[in-house]
Amino acid sequence: MKNQEKHSINKLDNSRKRSKWALNYQKQCQEDLKKVGMPSRNAEYWKFASPNLWENTGLIPVSGKNFPKNDTQYLENKPEYYVEFVDGIIDPVTLQNLKKKLKECEISNFEESVCDQFHWANKLLGKAETKARKSYERPFALLNGGGSSQGIFLNCKESPRKPIHIFYSGEIEEKVNIRHLLKINCNAELHIIEHFSGNANYNVVTEGFLDSTSILNHNRLVSRFLRNSIITHFFINCMESSVVKTIGITLNNGAVRNETFLNLEGSQCDVTLAGLGVGRNQSSICDNSVFVAHLENSCKSRQIIKNVLTQGAKAVFQGKIYVDPKAQKTDGYQMSNGLILDEKSNFLVKPELEIYADDVICSHGSTSGSLNMEHLFYLKSRGISTNEARKILVEAFLEEVIEEISDLEFSKFVRKEIQDTLI
Amino acid sequence: MLVIKDLKVKISEVDKDIIQGFNLKINSGEVHAIMGPNGSGKSTLSHAICGKEGYEITGGNINLEGRSILDLEPQDRATKGIFLAFQYPLEIPGVGNLSFMRTALNSQKKARQEKELNPAEFLKLVKEKASHLSVDMEMLKRPLNVGFSGGEKKRNEILQMALLEPKLCILDETDSGLDVDAMRQVSQGVNALRSPNRSFLIITHYQRLLNHIKPDYVHIMVSGRIIKTGGPDLALQVEEKGYGHLIANQKN
């Protein structure tokens, strides 16, 4: 984006006055943060990966040259629906184009939404976050709520034909707060694909509200080109028979924490959370903290986490399934697998089940181990080199997560990115 | 083709030679069968020839076409023309059967500085080879050996053999877990690959496989070495009298 355009947005931001509901929310976040404070290493959900990793604005060294300036430059074809954040600021041209093309959704940027007294978001902003804070405090989300000025608010009334891509890129090394709000109406299906790259330290909060029988498909790619840390919050509230599938792909070498809260308020919801990470050095920390709250009967949840770790990389998975006394016939599943390729790397897992109903199926499991030597020999005995055989087995290990991606073009792209990351 | 001279092999975890002074010569085009009771070292021999990690050569040599292969990695031995059809082909979820076979074939071609096959060329080749073994596209598209029946796994091994066109094929108890029809089908696949330039080493417990794949020589292996060599009749003798009879004769 040209500097002039960027400047003009900032000017516009400062010239408009936020509505009371938005100001109240912002103030509440700031006050709550004062009470709660930033997390310490002793906090239960931060004991495996220090919160300092996400407070530090310093650059994490990353090897490699000639990084593309943004993700759209390394995609073969630009997607039909996309919006771009450059240095944490929404590119107005991409937003305008998206608004023009996407008739099925009402879209506005953060600032114009919060300045509109009667905006649909006034009843929703912060509501999923408040519910998520009941499980445990989310100080970084409060930090975001108290300081964000960028993001998109999207009200999905009918199903767009194709996924909406959100690109994050840029060169500045600042902290960036981005806030998204999604509302998906009855029977609508929305597919969001996020691509993170660039130099910023991202703090992103996405709140999603699914009406009954709606579907949210969400993919997040933290690309190998992201040079700093990122913390994402994905707080989703599900009404009856809604479906969520969220898949995170983490390929960078910095600190990544994904806090996911799926609140199943309606019966017969079906949610899937899958995540894969490839950690290649000691700066690489991939932390997935997941809380699935089954509050009504007959809901199904699945969590699948896969991390490949080498050169002192670390991955953390803290996954909890909570089953309310009312949530009979719950079907909950959680599985995490770590593939540890050297002695310096760590896979730290804390699976939890908290069940208050008596007619449920809930299972969890976790494995960690190295490459299967018998498999390696089988491939080598066919003439495949050691390096290639190892790559094939690592990719095979991750395949279970990739298979969950419904958009074929994106899954093909992810496979290629993983292959390039493993070189 | 293959000359094994005074070979001694131990498994890393066990402080004892499993193969103890083993000698064998296989000329081009010949089919040799090795029979022996459990624990005689047959599978250890096949793994040692293929260079599996954990099998330590403590003496002797293995030459393929006049050159020692002991310092070669398994993949280099494969490229030189050695193929092992596994007793228990491994299931590897997440690895597509077809893409695995193409990677294997092209890895060998690349190492031999031959032209690699593009996906279309490979597909044409694999379809042609697969049709002889009743391997259909559905099987080729599945993950490698995952959910395959015993017969399907063994047919898949023979299909790989047909694609890679090795010089020396080692069949490690290929008959295990096969019903009569599956054994006939696998044997037909093997027989179709017999040629003056290709040798076979068939490891088996039972004579029945040798009814389908006629060997030139039958060797009886006991305690890590060959105690008797003969023609196909020797296998019939084993079937009739068991190994104990031969071992007793050897001691006398």
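How many helices and strands does chain A have? This predicted model gives chain A 10 helices and 19 strands.

**View 1. The whole of chain A, seen as one fold.** With its 10 helices and 19 strands, chain A has a radius of gyration of 21 Å, close to the 22 Å that the globule rule gives for 423 residues, so chain A is as compact as a globular protein of that length. Its C-alpha trace spans about 65 × 55 × 45 Å along the principal axes. Buried residues account for 51% of the 423 residues in chain A. Of the contacts in chain A between residues at least 6 apart in sequence, 85% join residues at least 24 apart.

**View 2. Helix α2 packs with helix α7 in chain A.** Here α2 (residues 20-36) and α7 (residues 139-147) meet at an angle of about 145 degrees, and their axes are 8 Å apart. The crossing of these two helices, α2(A) and α7(A), is left-handed. On the α2(A) side, look for residues including A:Tyr25, A:Cys29 and A:Leu33, while α7(A) brings A:Pro139, A:Leu142, A:Leu143, A:Gly145 and A:Gly146. By class, the residues of this contact between α2(A) and α7(A) are seven nonpolar, four polar and one charged.

**View 3. Chain A meets chain B.** In this view, 19 residues of chain A are in contact with 22 residues of chain B. Two helices of chain A, α8 (373-380) and α9 (386-402), each supply at least two residues of the side that touches chain B. The most comes from α9(A), with eight residues. Sorted by class, this side of chain A has seven nonpolar, five polar and seven charged residues.

Key
Residues are numbered from 1 along each chain as its sequence is written. Chains are lettered from A and ligands numbered from 1 in the order in which they are written. This is a predicted model: local features need pLDDT of at least 70, side-chain atom pairs count only at pLDDT 80 or more; totals for chains, interfaces and linings use all residues. Helices (H or I, at least four residues) and strands (E, at least two) are DSSP runs, numbered from the N terminus. The radius of gyration is taken over C-alpha atoms; the globule rule is 2.2 Å times the number of residues to the power 0.38. A residue is buried if 20 or more other C-beta atoms lie within 10 Å of its own, exposed if 12 or fewer, and partly exposed in between; C-beta atoms are placed from the backbone. Two residues are in contact if their C-beta atoms, placed from the backbone, lie within 7 Å. Axes are lines fitted to C-alpha atoms, for helices over the stretch in contact, and angles run from 0 to 180 degrees between N-to-C directions. A crossing is left-handed if the near helix is turned anticlockwise from the far one by less than a right angle, and right-handed if clockwise. Ala, Val, Leu, Ile, Met, Phe, Trp, Tyr, Cys and Pro count as nonpolar, Asp, Glu, Lys and Arg as charged, and the others, Gly among them, as polar.
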